[in-house]
Amino acid sequence: MKARLACICLMATGALVAFEKIALVDGFDYAPVMDTETDKGMRQVLARVCETGADTILWRTHSGGIPRYASEAEDLAVLEQPLDKRRVPLTLPVRGWVRYQRCEPDALKTVYGLCAGMSGVKRYGAHLLQEDAHSNRYWSLGEWTLEHPQYWCRSADGKIGMHHASFAYPEVIAHRRAIVREILARGAQMIYLDTTRNGGYGPRDDYVKPNLDEWARCHPGVPVPKDFHDPRWLEVVARGHYAYYRAIREEIRASGRDVPFVITVGNMRVQDGPDWNYAGCGFDWRKVVDEGFVDGLAVVSIAADEKDPFGSTERIFRHVAGYVKGRCKTYFPIRAYNFAKSQPSYGQLAKWAGVTPPEAIRRLLEIAARCGAAGIVMECVDPGNYPAADCEVIRNFAAPAHEAPTTHPATDVL
Amino acid sequence: MKRAWAVARIFLAATCASSAEAGTRAVSGEVVSAGAEVAICLGEEASLADDGRRLLLQRLERGRFAVFVRDLGTGRETRISPEEGQACFPEWGADGSVLYTFANEAKTGFAARDDQTGWNLWLWKDGVRRQLTQGRQRAYAASFAPNGRTVYFACDRVKVPAAEAADSQAISRVGIAAVALDGGGQRTVCLLPESNTACCEPRVSPDGKLLLRAELAKFREPWRLVVSPIDDIDRRTYLTTLHEAAYAPAWSPDGKLIAYTGFRDGDSGWGVYVMSADGRATRRIAAGRNPSFAPDGRSILYDRDGMVYRREVTR
């Protein structure tokens with residue numbers, strides 16, 4: 001009887017929604033083995049991704065700043081290397097030679113069209129990167145950024161950094177907003193902003209004039225801190241980031257469609273003060289939740305404890321869920337890649353715990369569901385990872401349906 | 001030669017922005033005064049022939065770049081590059097030949113994975129085209145040495161393939177290579193030691209002694225101008241600092257000035273700068289990029305938003 005009442009109450013306050021299984025897909029990584037510039041190749045990529053049991057497919061839209069579709073926001077004529085001699089060509093076989101921006105019909109529209117026709121896919125959208133240069137390399141610098149040195153980053157001692165255009169400039173945000181507009185126009189059903197892929201950017205690079213002016217306005221007579229970890233400096237830098245997130249939200253609203261906006265946080269740990277995301281990426285995830293900028297918060301890496309991998313994972317998940325308190329959805333990671341000790345893969349967690357990888361996945365799925373997550377994020381589904389036995393666990397996992405947040409929190413801040 | 005460079009180096013060290021990491025920079029000064037800007041025609045990467053009457057340029061045609069020679073007297077244009085494919089970065093040779101980069105990448109990257117085609121250098125003379133470099137590489141931003149027999153160019157395949165295959169991080173690197181017109185293979189001239197670095201746009205000084213180029217030495221740094229003795233490339237003198245961005249250098253015919261594309265704090269965007277060859281004085285003369293000196297050294301051509309302009313300069 002109690003359970004029935006609880007169910008009725010849930011239905012009265014918000015819709016019950018299924019546990020989501022999100023796959024991040026970097027089509028570029030399939031380029032050496034599939035012809036990803038063609039409809040056939042994209043279909044092969046998606047078939048592989050669906051083996052994991054993913055029901056939400058987020059296709060990476062850019063390599064750093066280079067669009068993987070016929071973007072109107074970039075000068076496509078000079079994206080092919082080496083036509084702009086300021087860009088350092090990528091020399092890898094195949095990947096250094098793909099030209100998604102030249103695909104006809106438009107590559108992103110094609111992918112979304114294919115997703116729409118796949119029975120297991122409930123939602124598809126954009127894995128949008130915060131970075132201008134992927135993986136700290138100049139081959140992927142976008143044309144707009146190269147063309148606008150006046151918006152480039154500055155170090156504390158005034159050195160120019162061409163790897164990123166600062167969000168402190170409204171023109172940069174307007175450009176980014178135009179990108180979101182054209183992605184939405186191609187049919188994206190979710191905008192997933194990956195702030196952890198930031199191309200080496202951080203608040204240490206953001207000593208640009210608008211931020212220096214803002215500092216002088218807020219802290220008259222106080223020298224600008226050379227240590228970018230200074231919370232007062234981080235707060236100034238973060239304003240540009242929040243303006244960017246608001247702009248994305250406004251653009252989604254202008255589309256007239258119900259497209260969730262999800263933002264990532266990385267290297268998560270139980271910590272109350274400013275964390276890695278603040279000093280490393282330029283924003284405070286708590287503020288993002290408090291202000292209602294987003295519909296979802298995706299934790300993409302966790303600083304699990306080697307001695308207690310799953311117990312510490314659950315404590316971290318509960319820490320996030322406890323702060324969010326249902327104000328937006330939360331997503332937790334099933335990550336295949338082991339980039340650092342502080343960002344362990346599920347395989348690493350399995351090793352630490354002495355269990356098999358499928359068992360590690362099962363435990364992570366259960367923890368996520370127990371902590372009230374809306375779903376999991378697979379980071380990233382590539383040709384050679386997520387083997388069949390691991391996929392089977394993900395595919396067969398059925399969490400109880402949970403309640404969706406009842407309001408669109410971000411609409412309140414516009 | 002080494003002795004000559006030793007003298008030059010002492011001079012440069014005393015006057016240039018050198019390799020200092022912070023603070024130092026060429027001072028602004030009246031290295032030249034510039035006249036009014038004159039629009040010439042649609043195009044980019046323009047340069048004048050020795051006769052001063054023919055203009056070499058690249059231009060977008062139906063979404064693809066092509067190379068043309070324009071007769072400034074009649075306005076008549078001759079297309080140098082083939083109808084198919086793309087061509088860019090044209091340069092005059094002393095004998096009226098034209099050097100350019102060309103590719104005809106019709107296949108997808110996957111379909112062309114075993115091909116040996118790429119962006120390679122071609123030479124055009126009197127309607128005849130000849131391929132100078134080969135392979136799946138990008139050979140570009142080339143120029144002739146003053147002897148007219150050696151071509152220097154940027155190339156993303158300057159390492160031997162085996163070494164590159166063993167180095168998974170060597171995924172993004174450009175060096176400078178050279179090839180002789182009268183035969184012989186491609187040889188590496190300049191390469192920075194790490195990945196994600198570049199040496200580009202090599203320009204040999206009119207006296208043949210120095211190699212000027214743009215370099216990108218490290219992530220978080222901008223393009224800088226660097227000069228070295230041509231027989232001792234690793235002895236670098238930086239002509240610009242980390243507080244500005246600079247690329248696309250061009251010598252004046254007498255070797256006393258260098259024009260380049262630059263950006264400094266306060267600029268509204270990229271601009272054409274002229275500096276004395278010792279780096280002591282620098283002046284921004286226009287909004288635009290890709291400058292080249294006219295053969296008489298009295299004017300500079302550059303482009304902005306797909307239009308070629310000319311501006312007189314007096315010293």
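Modeller: In chain A, residues 24 or more positions apart account for 80% of the contacts with a separation of 6 or more; two residues are in contact if their C-beta atoms, placed from the backbone, lie within 7 Å. The model is predicted, so local features need pLDDT of at least 70 and side-chain atom pairs count only at pLDDT 80 or more, whereas totals for chains, interfaces and linings use all residues. Residues are numbered from 1 along each chain as its sequence is written, while chains are lettered from A and ligands numbered from 1 in the order in which they are written.

Buried residues form 52% of the 414 residues in chain A. A residue is buried if 20 or more other C-beta atoms lie within 10 Å of its own, exposed if 12 or fewer, and partly exposed in between, with C-beta atoms placed from the backbone. Along the principal axes, the C-alpha atoms of chain A fill a box of roughly 65 × 55 × 45 Å.

Chain A has 13 helices and 14 strands, where helices (H or I, at least four residues) and strands (E, at least two) are DSSP runs, numbered from the N terminus. Helix H11 (residues 346-353) and helix H12 (residues 357-370) of chain A have axes that come within 8 Å and cross at roughly 105°. H11(A) is therefore roughly perpendicular to H12(A), a label for angles of 65 to 115 degrees; angles under 35 count as roughly parallel, over 145 as roughly antiparallel and the rest as oblique. These axes are lines fitted to C-alpha atoms, for helices over the stretch in contact, and angles run from 0 to 180 degrees between N-to-C directions. Tyr346(A) and Leu349(A) are among the residues that H11(A) contributes to the contact, and Ile361(A) and Leu364(A) are among those from H12(A). By class, the residues of the contact of H11(A) with H12(A) are eight nonpolar, one polar and one charged. Ala, Val, Leu, Ile, Met, Phe, Trp, Tyr, Cys and Pro count as nonpolar, Asp, Glu, Lys and Arg as charged, and the others, Gly among them, as polar.

Regarding the backbone, most peptide bonds are trans. A cis bond joins Gln81(A) and Pro82(A), with omega about 15°, and the bond from Glu104(A) to Pro105(A) is cis with omega near -5°. Pro82(A) is found in the loop between strand E5 (66-67) and helix H3 (107-116) of chain A, and Pro105(A) is found in the loop between E5 and H3 of chain A.

As for the partner, the contact takes 40 residues from chain B and 35 residues from chain A. Strands E11 (139-144), E13 (173-180), E15 (197-204) and E19 (244-251) of chain B each supply at least two residues of the side that touches chain A. That side of chain B has 23 nonpolar, eight polar and nine charged residues. The model scores ipTM 0.90 and pTM 0.91.
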